[in-house]
Amino acid sequence: MQLGFIGTGAITSAMVTGLCAPDGAGHQIRLSPRNATVAADLARGYPGVAVACSNQDVLDGCEVVVLAVRPPMARGVLAALKETAQWLPDGCCHKPNDNS
């Protein structure tokens, strides 16, 4: 499975480390470039982990995306993303319609 993380802080670092443990499922993981140092360290440390060019690249290239940013930043991060075929219109992370 292709997993993506938008936001590359402590939560992402811990989750990626756990997913890449020796008994992990061998997922391919794509990280946003937001915190370049953390993203690069994770990519160097684990096979199958790569740093994407942008948050949109993470969304476009992954089956599941974890939004791991501070709550005050979430709305702005989501607003900057363009919908893709994988976007879940009624899922837990969706763009509100104009009637809300």
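Reader: What makes the pair Asp41 and Arg44 a salt bridge?

Author: In this predicted model, the side chains of Asp41 and Arg44 meet at 2.5 Å, N to O. The criterion is an Arg or Lys side-chain nitrogen within 4 Å of a carboxyl oxygen of Asp or Glu, so the pair Asp41 and Arg44, at 2.5 Å, is a salt bridge. Both residues belong to helix H2 (residues 36–45), and because they are 3 residues apart there, about one helical turn separates them.

Reader: Why is Arg44 called exposed, and Asp41 partly exposed?

Author: Exposed requires over 50% relative accessible area, and partly exposed lies between that value and 20%. Arg44 has 63% and is therefore exposed. Asp41 has 42%, which means that Asp41 is partly exposed.

Reader: How many salt bridges does the structure hold?

Author: The structure holds 2 salt bridges. One of them joins the side chains of Arg30 and Asp57, at 3.3 Å, N to O; this value is within the 4 Å limit, so the term applies. The pair links distant parts of the chain: Arg30 is in strand E2 (residues 28–31) and Asp57 in helix H3 (residues 55–61), 27 residues apart.

Reader: What makes Arg30 and Asp57 partly exposed?

Author: Buried would require under 20% relative accessible area. Arg30 stands at 21% and therefore counts as partly exposed. Asp57, at 26%, is likewise partly exposed.

Reader: Which residues form the largest nonpolar core, and what makes them a core?

Author: This core has 9 residues: Ile6, Ala52, Val58, Leu59, Cys62, Val69, Ala74, Val77 and Leu81. Apart from it lies another core of 8 residues, including Leu3, Phe5, Ala39 and Val49. In soluble globular proteins, nonpolar side chains tend to be buried together.

Definitions and conventions
Residues are numbered from 1 along each chain as its sequence is written. This is a predicted model: local features need pLDDT of at least 70, side-chain atom pairs count only at pLDDT 80 or more; totals for chains, interfaces and linings use all residues. Side-chain values use heavy atoms; hydrogens and water are left out. Helices (H or I, at least four residues) and strands (E, at least two) are DSSP runs, numbered from the N terminus. Buried means under 20% relative accessible area, exposed over 50%, partly exposed in between (1.4 Å probe, protein chains only). A nonpolar core is a set of buried Ala, Val, Leu, Ile, Met, Phe, Trp, Tyr and Cys residues joined through side-chain atoms within 4.5 Å.
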